[in-house]
Amino acid sequence: GTPRVEIVGPASASHDVQITWSGRPPAPAPAPAVVKHGDTFSATVGANIVQLEDPQGALRAAKPSGESFSGVASGLVGHRTLFAQVSQGALRWWQPVTFEIRATQEAPRVVFTTDWSKPLGSGARLDPVALTGIFNDRVSQIYRNDYLAPRSPFVSLAIPKHGFGSWCKPMQQFDVDDSGLRALAARNDNRILLPNGVPLATPGDAAAPNIAFVSVWDRFPREISTPLTGKASKIYLLMAGSTMAMQSRKDNGEVIVTYTDGTTTRLGLENPTTWWPVDEDFFIDDMAFKRPGPLPVRIDLKTGNIRVLEENAFKGRGRVVPGGAGTVLDLSLDPSKELKSLTVRAIVNEVVIGLMSATLQRP
């Protein structure tokens, strides 16, 4: 956000550099702003705009006019940056413009509104969503794939190619074993039942694909969608994937439910609130690793055990989960609107996000 001048000269024992400035100082970068997806975003950069570069495709039909520009926020939801090349007197530089694109309707950060110990009752209409058509892998393969691109062409502290460990522990492995989950599903007509009675459809066949992965890695698509119909007051999701310390306290991905009128409800997959790694439970305490609020339900893949975590009892007990664990999320929907689609999208680098099951609660 600050222009720099580079002076290249021959090697010498010393240099005498004198700078004489006249006129007003370079215009500072504008403060970050927020815009709803589909709305017009405008910004003033404080200097004459020569051209715009939008490498993330955040705005549609962006046009400069003097010191300002505007465009329609049509890119991915999240924090975005575009660059305005500006001129002020004899000085020309690239000015970053940062802003956040938000969905038209966002779920609150505390999204676990379900009392998992209380049965919904026989009158509840619960419809599992057919996902087999979008499954593209087995959850047990997550750390057996090669994640080769995109990667920096320069020296960097890169994650190992199998997507687990770190630059200083390239041989570290984790074996995801979903045999218990599959065995439980096989005994119950390819479904498992949550403590409150919500069914989650998942294949019992050991060889069948059982997850739809998305990622910025080109091994999988950046996003994946499936159609929805009718109306619903809530959707329950079983998800599994990866995350790491570098992606903490930010949305790693997002789940978006779109209605036929074009509006949406969004669930941000934030580490450590709504997005937990498949290989371990987060270590949580009241100090460095504070995470207030209700905890997600975890399903141990190797045993099929369903764990309802209680905040106070769980503190200090985060651990590696043998065989891995999936995370159950619930998202409240607008029961007055017709549903159109369910989309899962990856946002940050080096993370793999997977959808294993979805069930709609009808109004």
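This is a predicted model: local features need pLDDT of at least 70, side-chain atom pairs count only at pLDDT 80 or more; totals for chains, interfaces and linings use all residues.

**Entry 1: a hairpin**

I began at the hairpin of β6 and β7, where two residues sit between the strands and Gly89 takes a positive phi near 65°.

β6 and β7 run antiparallel and are joined by eleven bridges.

Is β6, which covers residues 78–88, mostly covered or mostly open? I found that eight of its eleven residues are buried, so I wrote down "mostly covered".

**Entry 2: strand β13**

I moved on to β13 and asked how many of its eight residues are buried. The count came back as eight of eight.

Then I checked which way the side chains point. In a regular strand they alternate between the two faces of the sheet. In β13, Lys234, Tyr236, Leu238 and Ala240 point one way, while Ile235, Leu237, Met239 and Gly241 point the other way, and all of them are buried.

Which strands pair with β13? One is β18 (residues 325–332), which pairs with β13 in the antiparallel sense over six bridges. In that pairing I found Met239 opposite Thr327. Another is β20 (residues 352–362), also antiparallel to β13, over eight bridges. There I noted Leu238 standing opposite Ser357.

**Entry 3: aromatic pairs**

I searched the whole structure for aromatic pairs and got ten. The rings of Trp116 and Tyr236 have their centres 6.1 Å apart and their planes at 65°, so I logged this pair as edge-to-face; the cut-off is over 60 degrees. Where do the two residues lie? Trp116 is in the loop between β7 (91–102) and β8 (125–128), and Tyr236 is in strand β13 (residues 234–241), so the pair ties together parts that are 120 residues apart in sequence. Both Trp116 and Tyr236 are buried.

My next pair was Tyr147 and Phe220, which is tilted, with 6.5 Å from centre to centre and 45° between the planes. Tyr147 lies in the loop between β8 and α1 (179–186), and Phe220 in the loop between β11 (212–215) and β12 (223–227), so this pair ties together parts that are 73 residues apart in sequence. I checked accessibility too: Tyr147 is buried at 1% relative accessible area, and Phe220 counts as buried at 6%.

**Entry 4: charges over rings**

Staying with Phe220, I looked for a charge over its ring. Arg219 lies over the face of Phe220, at 4.7 Å from the ring centre. Elsewhere I noted Lys337, whose charged end sits over the ring of Tyr259, 5.5 Å from its centre.

**Entry 5: one aspartate**

My last stop was Asp205, in the loop between β10 (199–201) and β11. What does its side chain reach? I found the backbone nitrogen of Ala207, at 3.0 Å. I also looked up Asp205 and Leu360, which are 155 residues apart along the chain: their C-alpha atoms are separated by 24 Å.

Notes. Residues are numbered from 1 along each chain as its sequence is written. Side-chain values use heavy atoms; hydrogens and water are left out. Rings of Phe, Tyr and Trp (its six-membered ring) pair if their centres lie within 6.5 Å; planes under 30 degrees apart count as stacked, over 60 as edge-to-face and the rest as tilted. Helices (H or I, at least four residues) and strands (E, at least two) are DSSP runs, numbered from the N terminus. Buried means under 20% relative accessible area, exposed over 50%, partly exposed in between (1.4 Å probe, protein chains only). A charge sits over a ring if NZ of Lys or CZ of Arg is within 6 Å of the ring centre and within 35 degrees of the ring normal. A polar contact is a pair of N or O atoms within 3.5 Å; within protein, one must be able to donate a hydrogen and the other to accept it, and residues adjacent in sequence count only if both atoms are side-chain atoms. Two strands pair if DSSP finds at least two bridges between them.
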